[in-house]
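Please read it alongside the sequence and the structure.

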Amino acid sequence: MLSDHALADKVLSDKGATRLRVGPLRALGRPRPGWSWDAAALTVAGLLAVPVVVVLYSLAQPFGEVWHHLASTVLSRYVANTLILTAGVLLGVFVIGVGTAWLVTMCAFPGRRVFEWALFLPLAVPAYVLAYAYTGFLDYAGPVQTLIRDLFGVSYGEYWFPEIRSMGGAITLLTLVLYPYVYMLARAAFIEQCICVLEISRTLGCSSWRAFFTVALPLARPAIAGGMALAAMEALGDFGTVDYFAVDTFTAGIFRTWSAYGDLTATAQLAGVLLLFVLAVLLFERLSRGGGRFHHTSRRYQAIKLHPLRGRRAVLAFLACFTPILFGFLLPGLLLGIWAVQEIAGGALDATFARLALNSLHVAAVTALIAAGVGLILAYSLRMRPTAATRGAVRTAGLGYAVPGMVVAVGVIIALAWADRQVNAWLVTAFGWNPGLLFSGTMAALVFAYLVRFLAVSFNTVEASLAKVTPGMDAAARSLGERPVGVLWRVHLPLLRGSMLTAGLLVFVDVMKELPATLVLRPFNFNTLAVRAFELAADERLRETALPALAIVAVGIVPVILLSRSIGRSRPGARAAQSQEGM
């Protein structure tokens with residue numbers, strides 16, 4: 001093993017020639033860089049917090065006629081539908097996510113190794129894509145109802161069939177695409193648990209079910225609560241599904257108020273109420289942990305002894321894991337694939353589709369590159385000077401991931417419109433020149449909204465990797481004369497290339513799927529695959545949505561599989577356990 005100084009010498013060497021050290025080495029310790037890193041973190045956090053602050057500030061403004069009209073007509077329906085939707089989704093993701101996580105982690109049954117990663121696949125499918133696919137499949141003119149009428153000789157209205165465009169349909173589809181959040185964190189928690197604790201509970205007379213509810217579930221409670229909070233925030237922020245199904249929630253109401261009335265104040269106030277819902281979810285998740293604490297007291301980790309399931313139990317476990325994959329990924333993917341082949345045969349794969357794909361790839365790549373760089377700056381500033389101000393600034397910058405895209409879009413519109421007015425007024429006064437819109441309605445506004453929304457994804461990925469680098473390497477590099485920027489460039493960046501690539505990839509996929517912020521902030525004559533699919537579905541041209549929707553799904557599959565593999569290796573001694581299982 002190389003010492004910190006030797007390793008720093010190796011990294012800092014130029015073409016094999018190690019730099020000479022002049023004078024005695026300084027005592028190792030945390031370096032004391034200047035205030036530039038604090039200033040960078042505070043500046044970035046301040047800029048990214050502007051949209052959220054603007055939306056919250058709107059609640060302190062006087063309520064106008066549009067707000068009073070909304071309050072007397074639809075506001076109560078927005079509140080009720082949003083609460084019902086969120087509660088239904090939370091129940092569904094808890095049952096599916098926790099149940100499947102426990103089965104694939106602790107039980108042996110046919111297909112378990114495939115289900116470990118396949119249960120992540122619905123995470124690659126945006127909810128609005130699922131809505132378009134199932135509407136074309138189950139609607140009146142779809143193949144299912146057409147087959148029923150042909151087989152039984154009945155007409156519409158003479159038979160019962162569940163309505164897909166309903167609150168129940170929205171809850172079901174959102175559950176199918178959001179349960180992987182709970183599955184992901186619950187499985188990681190179950191994998192990391194000490195198996196000795198479960199064995200001790202069995203020796204004390206606990207059955208398998210009782211050990212699960214009294215031991216394993218409490219130990220995994222923080223992770224499960226975190227996954228359910230993520231699912232709740234995604235359900236609160238969903239726009240494409242609820243708008244297409246005509247379910248009046250806050251996100252649909254915000255878009256309709258902005259597009260129909262053009263009243264930014266009332267729109268921002270609706271967005272502010274939705275933001276309060278999101279903050280309430282975060283607070284509830286924090287308070288739900290209560291005063292209880294659950295800890296592992298053993299440092300001994302051994303391979304998980306899988307409980308074999310046979311006969312009817314094995315069949316039930318297989319069906320429990322296969323059903324969400326079938327309806328959340330395989331069936332809609334098959335439908336989209338068939339429609340896409342038909343559209344390609346009709347000449348849909350043309351210059352228009354190529355332009356949409358290039359637009360989506362371009363804006364996603366630019367945002368991913370900037371987000372990875374900004375995430376690195378914030379993570380490194382927190383490492384250099386972990387003061388209360390820096391920590392607060394960084395956490396504030398990451399708050400945007402909890403904010404729905406529609407709320408971010410409204411905040412960006414108001415902030416950039418104000419900036420346009422101020423700059424234009426100054427230019428008119430100073431030079432007699434009015435350039436028009438400089439910020440709002442541009443690609444810069446769209447990329448800024450994406451950064452506010454998805455910076456936390458990049459920052460958390462980079463920070464987790466940076467935390468694994470021993471601080472002694474920083475001190476050793478500083479003792480060799482490197483400044484903080486040199487340490488970052490010559491020591492940390494070579495070690496963080498993998499995590500930087502992962503961070504950029506995750507942001508890239510999120511931007512490709514993002515619909516509400518893109519729909520509101522896109523420049524004129526600029527469309528993406530997500531927006532085009534939304535427009536085609538609004539015109540009931542569901543088969544034509546297949547190509548853009550399938551492209552979005554295909555892009556999201558790779559990081560989902562990588563995520564599954566990383567969780568599978570999170571248990572100490574996982575590689576040795578896999579080798580033993582293979583033997």
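**Salt bridges and packing in a predicted model**

Glu535 and Arg532 form a salt bridge, with their closest N and O atoms 3.5 Å apart. The model is predicted. The protein chain contains 26 helices and two strands.

**Salt bridges**

- The two partners Glu535 and Arg532 sit three residues apart in helix H24 (residues 529-538), so about one helical turn separates them.
- Glu535 has a relative accessible area of 23% and is partly exposed; Arg532, at 25%, is partly exposed as well.
- A search of the whole structure gives 12 salt bridges.
- One of them joins Arg165 to Asp139, with the closest N and O atoms 3.2 Å apart.
- This pair links distant parts of the chain, 26 residues apart: Arg165 is in the loop between helix H7 (143-152) and helix H8 (167-192), and Asp139 is in the loop between helix H6 (127-138) and H7.
- Arg165 is partly exposed at 23% relative accessibility, and Asp139 is partly exposed at 22%.
- Glu514 forms a salt bridge with Arg453, where the closest N and O atoms are 4.0 Å apart.
- Because Glu514 lies in the loop between helix H22 (497-513) and helix H23 (516-521) while Arg453 lies in helix H19, the pair ties together parts 61 residues apart in sequence.
- Both Glu514 and Arg453 are buried.
- A network of salt bridges links Arg112, Arg113, Glu116 and Arg187.

**Buried sites**

- Helix H17 (residues 388-397) has Thr390, Ala393, Val394 and Ala397 as buried residues.
- These four span an arc of only 95° around the axis, so they lie on the same side of H17.
- Their cover includes helix H2 (36-58), helix H16 (351-384) and helix H19 (443-466).
- Ser440 is in the loop between helix H18 (405-431) and H19, and its relative accessibility of 15% makes it count as buried.
- The side chains of Ser440 and Asp420 make a polar contact at 2.6 Å.
- Beyond its neighbours within four places in sequence, Ser440 contacts Leu416, Ala417, Asp420 and Ala445.

**Surface and whole chain**

- Leu56, Leu276, Leu279 and Leu399 make up a nonpolar surface patch with about 280 Å² of accessible area together.
- Leu56 belongs to helix H2 and is partly exposed, at 34% relative accessible area.
- The protein chain exposes about 28,000 Å², of which carbon and sulfur atoms supply 65%.
- Of the 583 residues in the protein chain, 50% are buried.
- Among contacts between residues at least 6 apart in sequence, 82% join residues at least 24 apart.

How values were computed:
Residues numbered from 1 in each chain as written. Predicted model: local features only at pLDDT ≥ 70, side-chain atom pairs only at ≥ 80, totals over all residues. Heavy atoms only, no water. Buried < 20%, exposed > 50% of the residue type's maximum accessible area, 1.4 Å probe, protein only. Arc of directions from axis to C-beta. Contact = heavy atoms within 4.5 Å. Polar contact = N/O pair within 3.5 Å; in protein donor to acceptor, adjacent residues only side chain to side chain. Patch = residues over 30% accessible without salt bridge, like charges linked within 9 Å, V, L, I, M, F, W, Y side chains within 5 Å. Areas by Shrake-Rupley, 256 points an atom, 1.4 Å probe, with all protein chains shown as cover. Salt bridge = Lys/Arg side-chain N within 4 Å of Asp/Glu carboxyl O.
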